[in-house]
Amino acid sequence: MRKLIWLVAAVITVLLLVLYRFPRLLLPVPEPVRSGELTLPALRAPVKVYFDRYAVPHLYAGDEHDLFYAAGYLMASERLFQMDMINRAAQGRLAEMSAGLLSTDRYLRTWGFHHIGKQLAARLDPELRGLLEASCAGINYYINSHRDALPVEFRLAGHQPLEWDLSVVMAYGRLMGHELNQSWFPELIFGLILRTFGEQYARDLYPAYPDDKPFVVPPGSAPVSHLLEPLADVLSTAAEPLGGTGGLGGSNNWVVAGHRTVTGRPLLANDIHLGFTQPPKLYEMHLVGGRFNVRGLFFPGIPLAVLGHNEHIAWGFTNVMTDDIDFYEEEVNPDDPATYRYRDQWVPFEVRQEIISVSGGPPDTMLVRNTVHGVIISDLHPLARQEEQLIAMRWTGQEMTDEARGMLDLNLAHNWEDFTAAAALYAVPGQNVVYADRAGNIGWRPFVKLPLRREGSGLLVMPGASGEWDWQGFVPFDEMPFLFNPPAGYIATANNRTIGPEFPYYISAYWAPPARIERITELLAERERHSLESTMAIQTDLLSIQARELVPYLLAAHSPDPGGQSPSGHTAEALERLAAWDFVMGTESVPATIFNAWFGHLVAAIYRDEMDRAGDQVYDYYTRMAGYLPMRNIPRLLRQGASPWFDNLDTPQVETGDDCIRLALAAALADLEQSLGGRMSRWQWGRVHTLTHPHDLAKSGTLGRLLDAWLGLDVGPFPAAGANATVNPGHFKLSDPFQVTAGPSVRRVIDIGEWDNSLIVLPTGQSGHPFSPHYSDQAQLFVDGQYRRVDFTREAVLAGAVDSLVLKP
């Protein structure tokens with residue numbers, strides 16, 4: 001009997017090990033069909049699809065309906081779980097999966113993405129409506145024909161995918177506008193600091209506010225600082241599951257004219273920086289049929305290339321960093337709380353009811369109130385709903401604009417005039433779009449609508465009752481800046497300020513630090529002529545202008561006074577390494593580790609004591625959500641040499657900037673010694689700065705970690721080069737060093753006219769199926785800074801195809 005028990009135990013153990021090692025035995029999932037034939041009844045004629053070795057589909061269709069229908073079907077076949085999460089976020093239906101996501105749904109319903117999406121969908125012109133409906137029909141046909149063979153995540157999560165419609169497609173565009181917005185959180189912090197500490201503190205916190213411009217604190221208005229901290233808490237925690245970048249997203253793009261390249265043809269480079277996810281944010285596809293021959297990157301579920309090229313032009317995006325949100329205090333009628341004051345009248349709130357289904361519980365019902373300025377965002381916090389002062393949010397994304405038509409026209413553009421017409425339709429999220437065409441032209445236009453404001457900018461929460469602080473429309477398109485064939489022979493943007501004070505309208509204060517654009521233009525200018533190879537080298541460059549600027553301050557602060565003591569021990573060794581550093585953020589660099597640890601502690605040494613007095617979690621909010629602001633402000637404070645922020649309010653003496661620098665280095669070295677050991681030579685940047693591409697299911701606590709260990713949902717970790725201010729970035733939040741959370745969602749270099757020479761790489765792979773060979777087959781290429789060729793002409797597509805599929809009616 002003992003032998004039998006041991007035998008049974010051994011067999012069970014072996015079976016468990018086999019199932020752990022080969023999970024497909026327990027969870028068989030069919031791979032997406034990429035060869036042979038499939039029948040799709042709604043097609044009018046066969047569609048031929050060629051797949052290259054990385055599973056990029058090239059679709060050839062007889063008409064545009066079939067092209068978009070097949071595109072929807074193929075996107076769903078590879079990315080359905082990701083697309084369902086997008087669908088649920090766009091509609092605010094995440095709590096149907098988990099009751100713990102109810103606060104996120106309330107947040108999403110308050111912003112009203114789906115509500116706006118329904119209105120936008122109703123305004124679509126018939127041509128665009130037909131194309132988008134065809135794509136949604138293709139998605140839904142895949143869903144309904146695979147209800148019994150869904151991706152593994154649906155079986156693990158225990159829910160069915162939602163169908164797609166036009167309102168979801170349009171809401172998704174607004175959801176991306178939310179992810180790329182830079183201003184909604186910092187403005188709450190500025191208001192809190194201004195009311196707590198006064199104008200000088202606010203000036204030194206605000207990025208480069210002009211000395212001659214006043215901070216407007218409306219006379220007689222009731223303070224709202226008691227609302228700002230709880231509201232910031234709701235906004236930051238509810239938004240966390242959406243995978244935002246904490247304001248650290250960005251992008252690089254540039255174009256080089258033919259007279260500055262070795263081939264005589266323009267070159268275009270682009271890498272957009274979004275939060276890392278698994279699968280990646282973008283799906284690569286090539287659509288040929290009717291008027292279309294466009295290859296590029298698509299947001300899964302949207303059948304228009306957001307980045308790409310056709311036979312005539314190429315384009316690339318970076319975030320304008322527009323300040324497209326303002327907050328207003330609304331005064332509630334104490335005698336009738338259903339009304340608020342506006343221009344000496346009591347006006348009724350617009351109210352809509354939202355009913356949220358909750359997994360395992362009763363539905364949650366919420367009322368969303370709107371004023372002439374926008375949604376009452378403070379209703380997200382239960383304590384704020386009873387206040388006489390409420391906070392409304394005005395956002396460009398609430399406007400009825402036509403970005404979808406603009407994207408369609410961009411995909412079909414033949415020349416600069418077509419490109420310009422597409423730009424005029426676009427509002428949010430605001431993008432710097434660089435352009436190049438086969439005729440040799442290069443250019444840039446901002447695709448954005450800029451609010452016209454009183455006093456130029458909307459810095460703080462403003463009074464809503466009088467109407468005097470309302471937006472006065474938008475900057476006319478004809479007055480917007482642009483570049484076309486500039487004498488320098490190149491144009492580059494990197495979320496920087498793109499135009500000087502000669503432009504009379506306020507754009508933003510939330511630019512990225514200038515480090516990336518300085519380095520890009522430095523490298524573009526140092527060669528007379530550029531090639532594909534030199535362009536790739538720029539795109540993967542790791543030298544930190546930020547470190548090059550700040551290390552001299554660090555070294556100077558540790559220079560001994562005459563007769564003073566010199567640094568010793570780890571401090572001396574660290575300073576010696578920093579003094580000899582080339583400022584390259586490579587994975588083997590020890591100075592990179594020391595610098596980034598020091599900078600994080602410097603932020604704390606400068607800001608933490610005051611922010612802790614402003615509120616228990618204000619500093620945590622600032623480091624988690626304020627993104628680039630500390631990186632822009634601290635160099636300015638060190639240059640000006642004095643600031644009230646330098647003084648530690650918790651000590652009797654008055655500290656200087658040098659005191660903060662020394663305190664930060666001591667704290668950083670102590671932290672690194674504790675976590676990495678006493679041998680400084682082992683403090684390589686790649687040991688602490690790592691990249692993991694996170695799958696949504698792997699984020700769900702202990703169960704998620706177990707599923708990841710079993711199924712390999714996450715991709716990584718990889719030692720990661722770069723940092724927050726390098727051209728090739730590895731963004732991490734100051735609140736959570738040094739885990740990489742954002743970076744390039746694609747790298748692409750386009751040889752204009754000789755399209756088959758172009759280069760591209762995704763962060764992981766095309767497929768969202770964890771068992772697919774294309775789930776992570778580009779991950780190592782991406783980490784190593786390598787690329788793969790782009791096939792565009794029919795001859796190159798056929799030569800590079802490894803599979804072909806016929807979709808039949």
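**G36 touches S804, L805 and V806, leaving out residues up to four places away in sequence.** Touching, or being in contact, means that heavy atoms come within 4.5 Å. This is a predicted model, so bear in mind that local features need pLDDT of at least 70, side-chain atom pairs count only at pLDDT 80 or more, and totals for chains, interfaces and linings use all residues. Residues are numbered from 1 along each chain as its sequence is written, and side-chain values use heavy atoms, with hydrogens and water left out. G36 sits in strand 1 (residues 36-39); strands (E, at least two residues) and helices (H or I, at least four) are DSSP runs numbered from the N terminus. With a relative accessible area of 40%, G36 is partly exposed. That label covers what lies between buried (under 20% relative accessible area) and exposed (over 50%), using a 1.4 Å probe and protein chains only. From C-alpha to C-alpha, G36 and L807 are 8.8 Å apart in space, yet 771 residues apart in sequence. Take the contacts between residues at least 6 apart in sequence, and 73% of them join residues at least 24 apart.

**Helix 13 (residues 515-525) crosses helix 15 (residues 545-557) at roughly 110°.** Two packed helices are described by the angle between their axes and the distance between the axes. Here the axes come within 8 Å; each axis is a line fitted to C-alpha atoms over the stretch in contact, and angles run from 0 to 180 degrees between N-to-C directions. Helix 13 and helix 15 are therefore roughly perpendicular to each other. That word covers 65 to 115 degrees, while under 35 is roughly parallel, over 145 roughly antiparallel and the rest oblique. Helix 13 brings A515, E518, R519 and E522 to the contact, and helix 15 brings I545, Q546 and R548. Sorted by type, the contact residues are two nonpolar, one polar and four charged. In this scheme Ala, Val, Leu, Ile, Met, Phe, Trp, Tyr, Cys and Pro are nonpolar, Asp, Glu, Lys and Arg are charged, and the others, Gly among them, are polar.

**Helix 16 (residues 569-579) has A574, L575 and L578 buried.** Looking down the axis of helix 16, these buried residues fall within an arc of 100°, so they line one face of the helix. The arc is taken from the directions that run from the helix axis to the C-beta atoms. As a reminder, an α-helix has 3.6 residues a turn, so residues three or four places apart point the same way. G569 and E576, on the other side of helix 16, are exposed. What do the buried residues of helix 16 pack against? Their partners are helix 15, helix 17 (590-614) and helix 20 (657-676).

**C660 is a residue of helix 20.** At 3% relative accessibility, C660 counts as buried. Apart from neighbours within four places in sequence, the contacts of C660 are L602, A605, I606 and F646. C660 and I606 are 54 residues apart along the sequence and 6.4 Å apart, C-alpha to C-alpha.

**T726 is buried in the loop between strand 23 (715-719) and strand 24 (742-744).** Its relative accessible area is 0%. The T726 side chain reaches the backbone nitrogen of A723 at 2.9 Å, and a polar atom of that side chain lies 2.7 Å from the backbone oxygen of N728. Beyond neighbours within four places in sequence, T726 is in contact with R516, D541, L542, L543, S544 and M585.

**Two cis peptide bonds, Q278 to P279 and G716 to P717.** For the Q278-P279 bond, omega is about 0°, and P279 is found in the loop between strand 5 (267-275) and strand 6 (283-289). For the G716-P717 bond, omega is about 10°; P717 lies in strand 23.

**A55 and M321 have positive phi without being glycines.** Phi of A55 is near 65°, and A55 lies in the loop between strand 2 (47-51) and strand 3 (57-60). A55 is buried, at 1% relative accessible area. M321 has a phi of about 70° and lies in the loop between strand 9 (313-319) and strand 10 (325-331). M321 counts as buried too, at 0% relative accessibility.

How values were computed
Polar contact = N/O pair within 3.5 Å; in protein donor to acceptor, adjacent residues only side chain to side chain.
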